[in-house]
Amino acid sequence: MRIVFFGTPQFAIPTLEQLLADSQFQVVGVVTQPDKNRGRGNQLSPSPIKQVAVAHQLPIWQPARIKKDPDTIAALRDLGADIFVVVAYGQILSQEILDLPKLGCINVHGSLLPAYRGAAPIQRCLTDGVTRTGITTMLMDAGMDTGAMLLKYETPVDLFANADRLAAKLAVEGARLLVETIYSLDRITPMPQEHSAATFAPPIQKSEYTIEWTRSNISIHNRVRGFYPNCVATCRAQPLKIMATVPLAAEFQADLTPAMQKLLPEIESLDLSNSVPGTVVKIAKGLGPIIQTGSGCLLLCEVQLPGKRPQSGTDLVNGTRLAVGEILA
């Protein structure tokens, strides 16, 4: 089976590698986003998918706007592909492109459709605090993740799963599900989505990374793990990345370690009536600083200062002598 693969980020790599490893498939070309300036040196570098394609000596196309690139469309037409496989490519395909492969275009999407259509399904499901998510394979149409569904994989979401860990898990399961989908394609009845039940996962804006201490502890915690590793607060007039947290409340007790569980009655006994959100209300020995939020308290477990490596909350306290009463902005 002749396959053209469309994808860009790390998330797409397991699927491409699975296709390359299966003797029943022939990947005849790869389409990915143009090289971008990345890293501290702001050097032009290829996408993760392009790096894999180069290593396997695959033909590569990198149109800036594929819908407006007749040369790329003509080249794809000449490949005579049976299927286009699309995993986090980053551009919307026109109907003209969708009509090129003999058996259609199959997308691997990081949610249980019709929930979280759009560019950031994994991040948005975490910021919303969902307890279950998964992968959907679908036949693509010209809409934004609106095509008929083929197969699904569902998994629980741990309270402390972050975007990196969840994406890594779903990437592997997505690769497995995609191969199962292709092998079963003649036996699957595509299921139309219930559009009235759709939710959306728009691209993340940089402004969303700023911690708002007036939010509840669970809201902040969910944003920290959903936008990992980019959430940031201000400590002593310098940025402080917040990379891992724990919401300290009885409703989450079953998810806490014994040491964290022991903090709950101590938190309840604190007089927080005169503290504002963002205030350090306690230093938990061996765990880190505890911050008052708009509702409840939040333990900072992992943070990062400018120019430093990520460190534990305890190391932050020891290194900066952070004290009760200080306020993070």
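In soluble globular proteins, nonpolar side chains tend to be buried together. In the predicted model, the largest nonpolar core comprises 41 residues, and those with the most contacts inside it are Phe5, Phe11, Leu19, Val30, Val85 and Ile182. The element that gives the most to this core is helix α6, spanning residues 163-183, which supplies nine residues. When neighbours within four places in sequence are left aside, Ile182 is in contact with Met1, Ile3, Leu19, Phe25, Ile83, Val85 and Ile106.

With regard to the cysteines, the structure contains zero disulfides. For Cys231, the closest cysteine sulfur is that of Cys301, and because the two sulfur atoms lie 14 Å apart, they are too far from each other for a bond. Cys231 has a relative accessible area of 1% and is therefore buried, and Cys105, at 2% relative accessibility, likewise counts as buried.

Ile97 is located in helix α4, which covers residues 95-98, and because its relative accessible area is 0%, under the 20% limit, Ile97 is classed as buried. The C-alpha atom of Ile97 is separated by 8.3 Å from that of Leu76, although the two residues are 21 residues apart along the chain.

Notes
Residues are numbered from 1 along each chain as its sequence is written. This is a predicted model: local features need pLDDT of at least 70, side-chain atom pairs count only at pLDDT 80 or more; totals for chains, interfaces and linings use all residues. Side-chain values use heavy atoms; hydrogens and water are left out. A nonpolar core is a set of buried Ala, Val, Leu, Ile, Met, Phe, Trp, Tyr and Cys residues joined through side-chain atoms within 4.5 Å. Buried means under 20% relative accessible area, exposed over 50%, partly exposed in between (1.4 Å probe, protein chains only). Helices (H or I, at least four residues) and strands (E, at least two) are DSSP runs, numbered from the N terminus. Contact means heavy atoms within 4.5 Å. A disulfide is a pair of cysteine sulfur atoms within 2.5 Å.
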